[in-house]
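Q: Could you walk me through this structure before I set anything up?

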Amino acid sequence: MAKPTKATTIFTCSECGATSPRWLGRCPSCGQFNTMAEEIVKPAVKNETTAKSVYSLQAKPLKEISYERYERVSSGVSEFDTVLGGGIVPGSLVLLGGDPGIGKSTILTQIAAHLSKAHKVLYFSAEESCSQVKMRCDRLGVGGENMLLVNATCIDGLEEQLKGVEFCVIDSIQAVYTDEMSSSSGSVGQVRECATKLMRIAKSQNITFFIIGHVTKEGALAGPKVLEHVMDTVLYFEGENQENYRILRAVKNRFGNVSEVGVFEMTGEGIIPVTDYSGIFLSESRGEEAGCAVTPAQTGNRCMNVEIQTLINRTAFGQPRRMSLGVDYNKLALLLAVLEKRCNLHFSSQDVYINVMGGIKLNEPATDLALCAALASAYFERPIDKYTAVFGEVGLTGEVRAVQYAEKRVSECVKMGFKRVLLPAKNLKSVAKYADKISIVPVLYLGTMLKSLFPKEQ
Ligand SMILES: Nc1ncnc2c1ncn2[C@@H]1O[C@H](COP(=O)(O)OP(=O)(O)O)[C@@H](O)[C@H]1O
Ligand SMILES: [Mg+2]
């Protein structure tokens, strides 16, 4: 095939990579629907200088490589800094995804206004007019007089506006487009092309980009996977619209820990970091209803007490249902099997529902024991005492294994006024110093935990 002499567009299937000169509803190669995305094919520039630079590649020993130490910049929102790993790294690309109305524009307006006190900041708003952004700044009372605003949707002229700019907010990646492509903004091709363009600018001019991204109904970032690949940091802003608490979570971070979460409260004056998050993930009725257990969960650098709630119902028809929010589904299936086999609790004709309070996600093994405690409590229909916390990893044989950060977890329980904590017997040594402040119950097997929590049933 003759090489194109000017930039042309082709359509590539995102599933199998088949190409076509025209858009097709169904890929003729793999048969998938709606997978053809527009792509630009630029003619390869091959002149002497590029040829020379390609062939004069030189490998260097590691000890000769030098790098500049980067100074992190504070965003002015403490929880946001924590999730980023201690502040903003200059020249990085940060993607913020979340449901509509969750507060993405709000938090980035606050941050942009704070940064504009000492840096040149540009707010590129494709979704709202400049006056709307100003109105929001006034409502939030954040000032930001030096912040530059642009209301446009085409990002081709953006590079010229970025002279001297250190931080730039793009609101949002699905609303912008580049003229090089004919597909509409928000399409897979446009999002990918715009994201790569922004990455090139960020890396060549050392500008930090905060990019807002929409999410699909399922909660994943809308657009191609490459959008997440080109980013340095991908954050999700979550929370129920009706509730005022929001959780910021990193799912990818090249400059920090991804298990860190930030907790915020949405108020009329904007988004405020919550530093006293102790009671947020616990319910009012704790200790009164069966099926609830509290566990000190470690997320990133902090430990917080989180309540796991379960509901068990007789299966009305056919296969029993299992549903879990905040806990991995496979983990639930595994623990149900362990409880059934090792402790004789029968769930095979019961529907099981799990929910973790406050929309937090628990994915560390140390929450296994609390999940089992909550399930057993629902099974026996006996509530667990309000001031009891449980943590530990459960093995397939029903043994309770030691976990990390036992000391930190017990200390959090003491701080929150808990009176009893059930933990792996192997962790006992490290927490012995708390014995006068809290009753420590070492557990070696799942059965031992059930005996301590539900003495009448065993
Ligand atoms: N005039 C207002 N007074 C108080 N709260 C407001 C006002 N306007 C918007 N909000 C709050 O801000 C939220 C929208 O935030 P925004 O940052 O625009 O969301 P996103 O950009 O994620 O779609 C709304 O859900 C609402 O709670
Ligand atoms: Mg918005």
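What follows is a short exchange on the overall build, the domains, a sheet and the nonpolar core.

A: Gladly, and please keep in mind throughout that this is a predicted model.

Q: How many helices and strands are there in the protein?
A: The protein has 12 helices and 21 strands, and its C-alpha atoms fill a box of roughly 80 × 55 × 50 Å when taken along the principal axes.

Q: And what share of the residues is buried?
A: Of the 458 residues in the protein, 39% are buried. As for the contacts, among those with a separation of 6 or more, 65% are between residues 24 or more positions apart.

Q: OK, domains next. Where do they run?
A: Domain 1 covers 1-44, domain 2 covers 78-273 and domain 3 covers 292-453. The centres of domain 2 and domain 3, taken over C-alpha atoms, are separated by 37 Å.

Q: How many residues does the contact take from each of those two?
A: Nine residues come from domain 2 and six residues from domain 3. On the side of domain 2 that touches domain 3, the classes are three nonpolar, three polar and three charged residues.

Q: Do strands 5 and 7 run parallel or antiparallel?
A: They run parallel, with five bridges joining strand 5 (residues 121-125) to strand 7 (residues 167-171).

Q: Which residue is the bridge partner of Ser125 in strand 7?
A: For Ser125, the partner in strand 7 is Asp171.

Q: Now the packing. Which residues touch the most other members of the largest nonpolar core?
A: Ile211 and Ala373 do, in a core that comprises 120 residues. The element that gives the most to this core is helix 9 (residues 368-380), which supplies 10 residues.

Q: Back to Ala373 for a second, what is it in contact with, leaving aside neighbours within four places in sequence?
A: With those neighbours set aside, Ala373 is in contact with Ala293, Ile384, Val390, Met449 and Leu453.

Technical notes:
Residues are numbered from 1 along each chain as its sequence is written. Chains are lettered from A and ligands numbered from 1 in the order in which they are written. This is a predicted model: local features need pLDDT of at least 70, side-chain atom pairs count only at pLDDT 80 or more; totals for chains, interfaces and linings use all residues. Domain bounds come from an automatic or database domain assignment. Two residues are in contact if their C-beta atoms, placed from the backbone, lie within 7 Å. Ala, Val, Leu, Ile, Met, Phe, Trp, Tyr, Cys and Pro count as nonpolar, Asp, Glu, Lys and Arg as charged, and the others, Gly among them, as polar. Two strands pair if DSSP finds at least two bridges between them. Helices (H or I, at least four residues) and strands (E, at least two) are DSSP runs, numbered from the N terminus. A nonpolar core is a set of buried Ala, Val, Leu, Ile, Met, Phe, Trp, Tyr and Cys residues joined through C-beta atoms within 7 Å. A residue is buried if 20 or more other C-beta atoms lie within 10 Å of its own, exposed if 12 or fewer, and partly exposed in between; C-beta atoms are placed from the backbone.
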